[in-house]
Amino acid sequence: MKILSSILAVCFLVSCATHSTKKSYNPVQNYTTYKLSNGLNVMYVPETKLPYLSLSLAIFSGSASDPKDYKGLTSATMELLTKGTQKRTANQLNEDVEVLGADLEASVDKEYSSLTLEGLSWHEDQLLELFSDMILKPRFTFEELDRYKKRTLAQIQQILDQPSYLAGEVLEKNLYSGTAYAERDVGTLKGVQNLNLKVISQQYEKLMNPENMWLIIVGKTSNGFKDQIQKIFSKIKTQKAVAPENLNLQSLKGRRILIVDKPDAAQAEVRIGHYGVQRDIPEYMAVNLANSVLGQGFTSRLVDRVRDQLGLTYSISSSFEVRRQKGYFAIKTFTQNERVGQTLTEILELYTNFQSKGITSKELRLTQDGMIGKFPLLLETPEKLAYNLMILRYFGVSDDYLLKYRENVSSLKLKDVNLAIQKYFDPQNMIIVILGRRDLIEPQVRDLGPIEVQSYKQYYQ
Amino acid sequence: MKTVQFVIAMFLVGVCVAQDSLSFLVDKYKLDNGLTVLLYKDSSVPVVSYHTWVRVGSKDEEKGYTGIAHLFEHLMFKGSKKFSNKDYERILKEIGASNNAFTSRDYTGYYVNAPSEHLETVMELESDRFRNLILTDENLKSEREVVKEERRYRVENRVEGLVFEAINELAYTVHSYKWPVIGYISDLNNINLSKAKEFYKTYYSPNNAVLVIAGDFDTEQVKKQIKKYYGDFKEQEIKRPSYPEEPIQKKSRETVFYKDIQSDYLTISFVAPSQMSPELYAIELVGEVLGKGESSRLYKKLVYQQQIATSVFSFVMSNIHSSMFQIHVKLKPAKTKADADRIKEQALATVWSELFQLRGYSVSPKELLKSQNKVMKDHVDSLKTIDGKAYSLAMNEAVLGDYKRLFTDLEAYRRLRAQDLKMVAEKYLVQSRSNVVLARPNKFK
């Protein structure tokens, strides 16, 4: 279970996830949570049919905690947990995991990291032994760190070959410039080059804080498994958690257009973004509903206009990336280099109209019904339930969010949704990133705001 | 085939999972008009998954009109006699459904996942567009532009897309698997309303489709509804084109193309047996041993030991007429052309050497066990959701001809011996049958 490997994108899932149209159906019940003697939180969601077992350590700290000179430190530390233990070399570890048919993954986000091992439940003992060996007895060696650094530096260069990914990275880097959210999770060239065994070991010690972690178990387990968990994981020592650095973001002023020139681009990637919301705002559900009308799914206003009516793109969507500190809102699409001007004009006009006039009562009802109807699908499996419950814990939100979801969605009023739209959607102050051919794009967007031109190679850093 | 295996399993530690815990009861029948229906009842969650698969894909297209199967899939969302496209999407959103479709070389699949209480609504929507689709010039024109943008996104603006396209163009000389499912832009421009209508009439017939409904429903009631919505849908003769048989390749082929990329992307591919062939099980496991995971042979050599690649993987792209065994290697960026040439030659030599080993020597018992366990795990993953189960049933019935393969394939993998893997490697993974595609940075022109 790759819990939260995409936590940001998932806040919508939570937002859509609570109600069955069958009133008696309540999937938010078949799970348990408890604390070990050292304070480590444990969540267990059982599976009765299929023979699998997923073990995941969720750490509420991520790349935003990387020191200035070591951007990429958390990613490296988590990845190196999978590259050898005190009794296994990297190759032995890989062999022992993969001979079980199991999947192993380390992932890092801005304020979240995880290590997940998932395999077949009849390998329960082996899975638990391997998982605990990686977490409790890692071995960080010069050889593996050197190998990781060389490979990661090459992969950073190869990001330039992924226009869709790169466009998103450019938007985030410019929105969060100078803050702990600015850099990619895997780090910068300089940050990765600077990594050494001492800082890796120190970061490991910092991350392993029971007060700041959850152990998530999903699947079939045997009797006695709970005792094993207590015996093994209560060994992690408690320590004082370090508060993340405050972002101190400056407000955006006006529309800033960044053309990222890629002369051979067969298509232009477009991102339109501004700061978003925090999870604890009272209008959170209203904002999500409003965004669904704007840019989620085939019936959204953006898809209807830009794709269905005009045929300008294959895909267009809007989303809120919600983080513990301020996340961001983004509209994402791609189109021909020759049609960027038309596409942007249409989007901005639509977005401005959306923000000033709000949604209609018909759209409100349709979206409310849809959100309620989706509930059983979004909590269909034990993994999906665990995933949603963990997101709530990550943001410090009560399970009532899920338990009372239907009545809360149903009770949303048009006036309140439209007030939230006016407050949190901002078509006047934004960063527009266009990754494509400058020679074709620049003449088309001159009237839309001040333009700054950069080379895509500038982001190889 | 990976999506389909299952049932008993007792791999590594001899634990046996009872057959009935991994297989499930399916009610299969045919309407008089030839529509095959599979019903799988599971009331654990109040949802249904509704899959309609049609036995038509890009292999059925004619030259000059490539991409019509996929473009037609798009047109299926543009409105029918009873429901305009806006009504269709609005109703699905209102009931909390999610829906989409996909096209391959051999089949086209449509699905809706919805709260179970709205099953009849879904059936009414889906049956109407299969019987009474409205095709207009305006819709064709607009959707053609959408598909062109999809092509630029999936193929032309990413090296992986270009490489996949180049592999099939190189490995097939006469068979229609040669062209891409999404089609070529010039061919998309050729498709007119009359061609689209002809395509609909030729292939969208009940006797060429499989309907799978999985989830929470009342079986008798659903059967009545199926009769009501599909019963008087007339069957017709399906006239398929002839598929030229691809001659056995006698000599290795190579192609190189240049793009503004940072590093070489190297692939080595071989035409492999049909998805229907018993040999496919063995060659899939060869793919696992060679390039799946960090303990695979090629990963250990190219990424871990030699450190000349950032990623490597191998797999079999399975199709009805013939499959494709592919090895993909993303090499490390090089500063000079000479360096790039050296790295590429080293990688190729390593791949040839590993293929030589697979042809000459049996894989170890541990490697065999690992690949079988991985197949098992992938299978468990594929069955976690109601949609996953419906998809797997549809794949087996529509493509392989019998949904029961979902419950028997795993045993076929389990029975394989190291010798079987060696035999298929000897037969198919030989240098004279190889197709090497290299994407290079422009600076090395």
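I started at a salt bridge: Lys384(B) pairs with Glu383(A), and their closest N and O atoms are 2.9 Å apart. I count a salt bridge when a side-chain nitrogen of Lys or Arg is within 4 Å of a carboxyl oxygen of Asp or Glu.

I noted that this is a predicted model, where local features need pLDDT of at least 70, side-chain atom pairs count only at pLDDT 80 or more, and totals for chains, interfaces and linings use all residues. Residues are numbered from 1 along each chain as its sequence is written, chains are lettered from A and ligands numbered from 1 in the order in which they are written, and side-chain values use heavy atoms, with hydrogens and water left out.

**The interface**

I looked up how many salt bridges cross between chain B and chain A; the rule finds 13. I then looked up polar contacts and found 39 residue pairs, both residues at pLDDT 80 or more. A polar contact is a pair of N or O atoms within 3.5 Å; within protein, one must be able to donate a hydrogen and the other to accept it, and residues adjacent in sequence count only if both atoms are side-chain atoms.

On the side of chain B that touches chain A, helix 5 (residues 137-156) gives the largest share, 10 residues. Helices here are DSSP runs of H or I, at least four residues, and strands are runs of E, at least two, numbered from the N terminus. I sorted that side of chain B into 26 nonpolar, 20 polar and 30 charged residues. Asp, Glu, Lys and Arg count as charged; Ala, Val, Leu, Ile, Met, Phe, Trp, Tyr, Cys and Pro as nonpolar; the others, Gly among them, as polar.

**Strand 5 of chain B**

I moved to strand 5 (residues 108-115) of chain B, where eight of eight residues are buried. Buried means under 20% relative accessible area, exposed over 50%, partly exposed in between (1.4 Å probe, protein chains only). Strand 3 (residues 47-54) of chain B pairs with strand 5 in the antiparallel sense over eight bridges; pairing needs at least two DSSP bridges. There I found Thr52(B) bridged to Tyr110(B). Strand 4 (residues 98-103) of chain B is also antiparallel to strand 5, over six bridges. Asn100(B) stands opposite Tyr111(B). A hairpin of four residues joins strand 4 to strand 5.

**Two loop residues**

Most residues other than glycine have a negative phi. I found Asn248(A) with a positive phi of about 50°. Asn248(A) sits in the loop between helix 9 (225-233) and strand 7 (255-261) of chain A. Asn248(A) is exposed, at 57% relative accessible area. Gln307(B) also has a positive phi, near 55°.
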